Amino acid sequence: MINSIFEAILQILSDTSSRGQHGYDAVVLLALLVNYRKYESVNPYIVKLSIVDDEPTLDGMGMVLHQALTEYNRQYKDKEEENQGGFFSTLTSMVGSMFIADAEEKLSVQTNEAILLALYEAVHLNRNFITVLAQSHPEIDMAATSTTPTSTAPTTPLGTTPPALDNLMVEFIVTHMMKDFPMDLYLRCVQIIHKLLCYQKKCRIRLHYTWRELWSALINLLKFLLSNETTLLAKHNIFQLALLVVNLFNMFITYGDTFLPTSNSYDELYYEIVRMHQVFDNLYCMVLRVSTNTGQWKEPASKVTHALVNIRAIINHFNPKIESYAAVNHISQLSEEQVLEVVRSNYDTLTLKLQDGLDQFERYSEQPKEAAFFKELVRSISLNVRKNVSLNTLSQDVLLKEFSTIS
């Protein structure tokens, strides 16, 4: 730490030629230096990285991260294609999203922890780097890069990033309902969606997004928690996750008129709640049963019970009216448009309770909650780097000569 090489690393990343040869190693090294004893003393690399505003340098870092993550995705896709084919694989893929096999049976592609850490630190510490993520590059001029042309059309950060994140969260929700349930990741996933909604409400941003896909994914998640209550409760507090999901619906119910794109979207929200009322009814029965018994889950289950008050009010208000409409008109099964017509004509008699704090969230703080995780992650990355580092691709004298010219 006495002799800083921060500027040398930045110059490598900003220069096309040196980035092609040493960019990956430079980014990994920077990530390790940023994390060196950062919880024990002042780390100068943290301060320096946080104030970098040189566009070529930030773009260079983004290109290195882009290529490394693209390569990881390619390896995973190749591995997935190897495991596909035949009746058994087809059957496995059909039920995979419902109850995936144990972790050891999944596709084995080693996660690039070093690059993920570098991406995290760049986003976490440097606000200027966020703009790099929200734009496309006309080229990625690195060694061994695919020659496939890259679109030069710029993207609009607020116009595309939130929907892309929502799509990613929805994909995660529907593809990770498995025996080895990643509770921590699900909590983070739902919290990300909540923060996006809070931002939209605050700024009154109406995104033209297919919200029904999100609502459907969240309802299916609740169905999964209900179906596997006994198994999951042996390891996790599923009521914490259920509460977050229910409050996402409460967020839409209470503030949806400020960020949903049209009034029809609000009608569709009520339609989905009424259509899938059995899931919410089953959830209420489950949390009521747990909250009225003595046990460790009594309090968290009780919170879910209270959070369901408006959802149950909607169901109990509209279901009888839909049934009455069907009876009067002698219709055995109403179409979606007919149900929406009943919903639209009965808003005025619906009574809901005001719920406080729905648009509030706990801001992310790395320390102390995440300190143990990052210590273990950095330790793992350091061991892996030591094991795999090699200077065979470039003789030491040439390498030292090149570094001596960096000011």
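Contact here means heavy atoms within 4.5 Å. Helices are DSSP runs of H or I, at least four residues, numbered from the N terminus.

This is a predicted model: local features need pLDDT of at least 70, side-chain atom pairs count only at pLDDT 80 or more, and totals for chains, interfaces and linings use all residues. Residues are numbered from 1 along each chain as its sequence is written, and side-chain values use heavy atoms, without hydrogens and water.

Start with α10, residues 211–227, against α13, residues 263–275. Their axes lie 10 Å apart, at an angle of about 20 degrees. Axes are lines fitted to C-alpha atoms over the stretch in contact, and angles run from 0 to 180 degrees between N-to-C directions. So α10 is roughly parallel to α13, a term for angles under 35 degrees. The crossing is right-handed: the near helix is turned clockwise from the far one by less than a right angle.

Which residues of α10 meet α13? Arg 212, Trp 215 and Ile 219. On α13, the partners are Ser 265, Glu 268, Leu 269, Tyr 271 and Glu 272. By class, that contact has four nonpolar, one polar and three charged residues. Nonpolar is Ala, Val, Leu, Ile, Met, Phe, Trp, Tyr, Cys and Pro; charged is Asp, Glu, Lys and Arg; the others, Gly among them, are polar.

Now α12, residues 238–259. Its axis comes within 10 Å of that of α13, crossing at roughly 155 degrees. The two are therefore roughly antiparallel, meaning over 145 degrees. α12 contributes Phe 249, Phe 252, Ile 253, Gly 256 and Asp 257. α13 answers with Tyr 266, Leu 269, Tyr 270 and Ile 273. The classes are seven nonpolar, one polar and one charged.

Conventions: Angles under 35 degrees count as roughly parallel, over 145 as roughly antiparallel, 65 to 115 as roughly perpendicular and the rest as oblique.
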